[in-house]
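I opened the model today to look up its strands, cores and charged pairs. My notes are below the view.

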Amino acid sequence: MCYGNVTIGGATYPQRMWHSAIGDGSAVGTAIIGAGFVDAPEMAGQMLRLLRLGDGLVGYFDSGIVAYTRTYNPLSPFNPPQYLTTQVSALSKRAVCQIDRDRHMILAEQGWYMMDSNGLSELGLLNTQGGGSIRKWQDTFYASVNLQKKQHISTVFDSTHHLVEISFPSTGSDVADTSWLYDTLADRMFRSEEHTSELQSHAR
């Protein structure tokens with residue numbers, strides 16, 4: 001078992017990933033053979049989410065993203081952290097969503113992204129004839145969400161329909177009162193009511 005940003009004995013370790021001994025999720029502590037921790041001191045903030053990616057782990061901080069790769073040595077199972085970026089930071093712990101074993105979707109301070117074994121790629125970009133790109137919906141999202149209450153932003157993946165449901169507090173709201181849907185196959189976004197209307201029209 002692996003844990004991030006934990007409190008042990010009254011002390012909090014916001015940049016630390018703790019891991020148990022292999023085969024015993026309760027065996028955590030530096031005195032236990034095979035258990036231990038990996039610090040990410042270059043991260044200024046705290047770890048918000050720790051998710052599996054392939055055979056390793058990715059830690060999403062409020063100041064960047066860190067990868068933890070395995071050594072396959074049961075006495076010391078993880079390599080030193082790989083600092084993937086300090087330019088993309090998750091909005092909240094539930095703003096990161098596991099799509100499958102090899103992909104995560106991230107709602108970040110800087111945009112919407114997909115993380116896979118090749119790294120980060122920004123979602124919702126429309127290429128222009130001049131070789132540039134424009135955002136299709138992100139600017140509308142950031143203008144609509146109450147970032148003072150970003151801890152209430154959440155993402156949930158619907159594997160049957162390949163959709164990520166995004167709930168967030170709208171401007172002026174203290175609770176999550178708005179829902180959008182992101183289509184992971186088509187790179188499209190719907191407001192929930194628009195998607196419902198479209199499904200009803202197809203059913204007629």
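The entries follow in the order I made them.

**Ground rules**

I am working from a predicted model, where local features need pLDDT of at least 70, side-chain atom pairs count only at pLDDT 80 or more, and totals for chains, interfaces and linings use all residues. Residues are numbered from 1 along each chain as its sequence is written, and side-chain values use heavy atoms, with hydrogens and water left out.

**Overall count**

I began with the secondary structure. The protein chain has 2 helices and 17 strands. Helices (H or I, at least four residues) and strands (E, at least two) are DSSP runs, numbered from the N terminus. Of the 204 residues, 42% count as buried. Buried means under 20% relative accessible area, exposed over 50%, and partly exposed in between (1.4 Å probe, protein chains only). I then looked up the surface. The accessible surface comes to about 10,800 Å², and carbon and sulfur atoms hold 50% of that. These areas come from the Shrake-Rupley method with a 1.4 Å probe; for residues, only the protein chains shown count as cover.

How many residues of S15 are buried? I found 5 of the 6 (the strand spans residues 163–168), so S15 is largely enclosed by the rest of the structure. I checked its partners next. Two strands pair if DSSP finds at least two bridges between them. S14 (residues 154–158) pairs with S15 in the antiparallel sense over 5 bridges. There, Thr-155 has Ile-166 as its bridge partner. S15 is also joined to S16 (residues 178–183) by 6 bridges, again antiparallel. In that pairing Leu-163 stands opposite Asp-183, and Glu-165 stands opposite Leu-181.

S16 is mostly covered too, with 5 of its 6 residues buried. S16 runs antiparallel to S17, with 4 bridges between them. Trp-180 stands opposite Arg-191 in S17.

**Positive phi**

Most residues other than glycine have a negative phi. His-162 takes a positive phi near 60° in the hairpin of S14 and S15, which has 4 residues between the strands. The hairpin of S16 and S17 also has 4 residues between its strands, and there Asp-187 takes a positive phi near 55°. Asn-5 is not a glycine, yet has a positive phi of about 55°. Asn-5 sits within strand S1 (residues 2–8). Its relative accessible area is 22%, so I list Asn-5 as partly exposed.

**Nonpolar cores**

A nonpolar core is a set of buried Ala, Val, Leu, Ile, Met, Phe, Trp, Tyr and Cys residues joined through side-chain atoms within 4.5 Å. Which residues of the largest core touch the most other members? They are Met-105, Leu-107, Trp-112, Phe-141 and Ile-166, out of 21 residues. Two or more residues come from each of S8, S9 (103–107), S10 (112–116), H1 (138–144), S15 and S16. S15 gives the most, with 3 residues.

I followed Phe-141. Not counting residues up to four places away in sequence, Phe-141 touches Leu-91, Leu-107, Trp-112, Ile-166, Phe-168 and Trp-180. Contact means heavy atoms within 4.5 Å. Apart from this core lies another, of 12 residues, including Leu-51, Val-58, Ile-106 and Tyr-113.

**Salt bridges**

I count a salt bridge when a side-chain nitrogen of Lys or Arg lies within 4 Å of a carboxyl oxygen of Asp or Glu. The structure holds 8 of them. Arg-16 and Asp-39 meet at 2.7 Å, N to O. Arg-16 is in strand S2 (residues 11–19) and Asp-39 in strand S3 (residues 36–39), 23 residues apart. Is Arg-16 buried or exposed? Arg-16 is buried, at 12% relative accessible area. Asp-39 is partly exposed, at 32%.

Lys-150 bridges to Glu-109, with the closest N and O atoms 2.5 Å apart. Lys-150 lies in the loop between H1 and S14, and Glu-109 in the loop between S9 and S10, 41 residues apart.

Glu-122 and Arg-135 form another bridge, at 3.1 Å between the closest N and O atoms. Glu-122 is in strand S11 (residues 119–122) and Arg-135 in strand S13 (residues 133–135), so the pair ties together parts that are 13 residues apart in sequence. Asp-139 joins Glu-122 and Arg-135 in a network of salt bridges.
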